[in-house]
Amino acid sequence: MLIDTQHTKTGQNSQPAPTHVKLTPEYRAKPWGRRDGLWAPDSAQPLGEVIFKSDTSGLVLKWLQTSEPLSVQIHPQRGPGRKHEWWYIADAKPGAYLQLGLKESATPEDIRRAAQDGSLPGMLRRIEPAVGDTFFIEAGTIHALGPGLTVVEVQEPSDVTWRLFDYGRPRELHLDQALQEAILDPQPLTPMPNGTAPFQITHEMLAPDQRSMLVAPRASVMVAEGRGSFGTESYAPHQCWDFTDAMPVHTTEPTVLILAEPVESTTDDETLWRARK
Ligand SMILES: O=P(O)(O)OC[C@H]1O[C@](O)(CO)[C@@H](O)[C@@H]1O
């Protein structure tokens with residue numbers, strides 16, 4: 001939650017003690033990444049992911065930058081590998097697209113055949129997103145980011161991806177596992193479902209020279225764009241911070257913050273999965 005403190009007189013001593021830490025990124029090369037992106041432009045390998053793992057929120061936040069489509073994939077719906085995802089489109093080149101869910105219901109045999117003959121991408125809903133669009137990717141949804149995108153991803157701390165199709169790249173596929181977990185009917189696009197999402201996201205857009213108080217007892221915050229300060233420390237674009245207390249924010253540039261907080265999941269994954277079969 002963001003409270004405007006622009007017109008509130010707060011003495012130095014009346015502000016809550018800031019508790020915040022800047023997370024250290026990990027960089028991951030990916031065949032679909034970019035050499036000309038925002039990070040490591042001289043990297044020998046195309047850089048796909050900048051990863052921030054948070055002990056505070058228990059979530060993983062990433063920057064993804066694409067020059068080719070990712071694998072057509074799903075993430076498990078159940079167990080420790082479960083991975084719900086959420087995307088914020090930070091940049092989209094002309095013609096950039098993503099794919100999310102099936103256009104029509106299919107059987108596991110239809111999907112297997114299409115994965116083997118290469119027609120699977122054509123069975124998926126295709127979206128040309130605009131900067132600022134957001135998407136919730138329910139675990140089990142067949143999906144793929146396309147080329148030309150820069151995305152902030154918030155996800156559960158799982159690294160399990162079952163690949164159905166990878167455009168002939170020499171990486172492992174996991175058709176059997178994927179077909180166990182895949183949602184085979186079209187689903188409505190949902191910005192953030194009630195009850196099933198293990199996190200809540202607030203997407204704050206702040207004007208220059210705005211003073212506010214970010215109130216989040218256990219949150220990870222990605223600076224999608226802009227500069228300013230959290231308490232006494234400066235923030236810059238692409239940084240990820242953990243907060244464990246209310247935090248005064250003072251912008252010097254227009255700022256977009258993605259605030260991710262964990263939510264106790266109220267769904268029984270096994271029951272949901274069985275109901276879908
Ligand atoms: O297997 P690929 O194609 O490298 O894609 C894996 C990536 O896809 C994502 O799940 C995004 O959909 C990332 O979190 C993950 O690292």
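Predicted model: local features only at pLDDT ≥ 70, side-chain atom pairs only at ≥ 80, totals over all residues.

User: In what order do the strands of the six-stranded sheet stand, and what makes E3 and E10 its edges?

Analyst: The order in this open sheet is E3-E4-E5-E12-E7-E10, with antiparallel pairing. Strand E3 (26-34) and strand E10 (134-137) each have a single partner strand, so one side of each lacks a neighbour in the sheet, and they stand at the edges. Neighbouring strands are turned by 20° against each other on average, direction ignored; the axes behind such angles are lines fitted to C-alpha atoms, and angles run from 0 to 180 degrees between N-to-C directions.

User: What are the pairings of E5 with E4 and with E12?

Analyst: Strand E4 (residues 47-53) pairs with E5 in the antiparallel sense over five bridges, and Lys53 stands opposite Val60 in E5. These two strands form a hairpin with six residues between them, and Gly58 in the turn has a positive phi of about 75°. E5 and E12 also pair in the antiparallel sense, over six bridges, with Val151 in E12 as the bridge partner of Leu64.

User: Why is strand E5 described as largely enclosed?

Analyst: A residue is buried under 20% relative accessible area, exposed over 50% and partly exposed in between (1.4 Å probe, protein chains only). Six of the six residues of strand E5 (residues 60-65) are buried, so the rest of the structure largely encloses the strand. Both faces are covered, with Val60, Lys62 and Leu64 buried on one side and Leu61, Trp63 and Gln65 buried on the other.

User: Why is Gln73 called buried, and where is it placed?

Analyst: The relative accessible area of Gln73 is 7%, which is under the limit of 20%, so the residue counts as buried. Gln73 lies in strand E6 (residues 72-74). Its C-alpha atom is separated by 9.3 Å from that of Leu175, 102 residues apart along the chain.

User: What classes of residue line the second largest pocket?

Analyst: Its lining has five nonpolar, six polar and 10 charged residues. Here Ala, Val, Leu, Ile, Met, Phe, Trp, Tyr, Cys and Pro count as nonpolar, Asp, Glu, Lys and Arg as charged, and the others, Gly among them, as polar. E3 gives the most to this lining, with three residues.

User: Why is the pair of Phe136 and Phe199 called edge-to-face?

Analyst: Rings of Phe, Tyr and Trp (its six-membered ring) pair if their centres lie within 6.5 Å; planes under 30 degrees apart count as stacked, over 60 as edge-to-face and the rest as tilted. By this rule the count comes to five aromatic pairs. The rings of Phe136 and Phe199 have centres 6.2 Å apart and planes at 65°, so the pair is edge-to-face. The pair links distant parts of the chain, with Phe136 in strand E10 and Phe199 in strand E14 (residues 199-206), 63 residues apart. Phe136 is buried at a relative accessible area of 8%, and Phe199 is buried at 1%.

User: What makes Phe230 and Phe243 an edge-to-face pair?

Analyst: The ring centres of Phe230 and Phe243 are 5.1 Å apart and the planes stand at 85°, so this pair is edge-to-face. Phe230 is in strand E17 (residues 228-230) and Phe243 in strand E19 (residues 240-243).

Definitions and conventions. Residues numbered from 1 in each chain as written. Heavy atoms only, no water. Pairing = 2+ DSSP bridges. Helix = DSSP H or I, 4+ residues; strand = E, 2+ residues; numbered from the N terminus.
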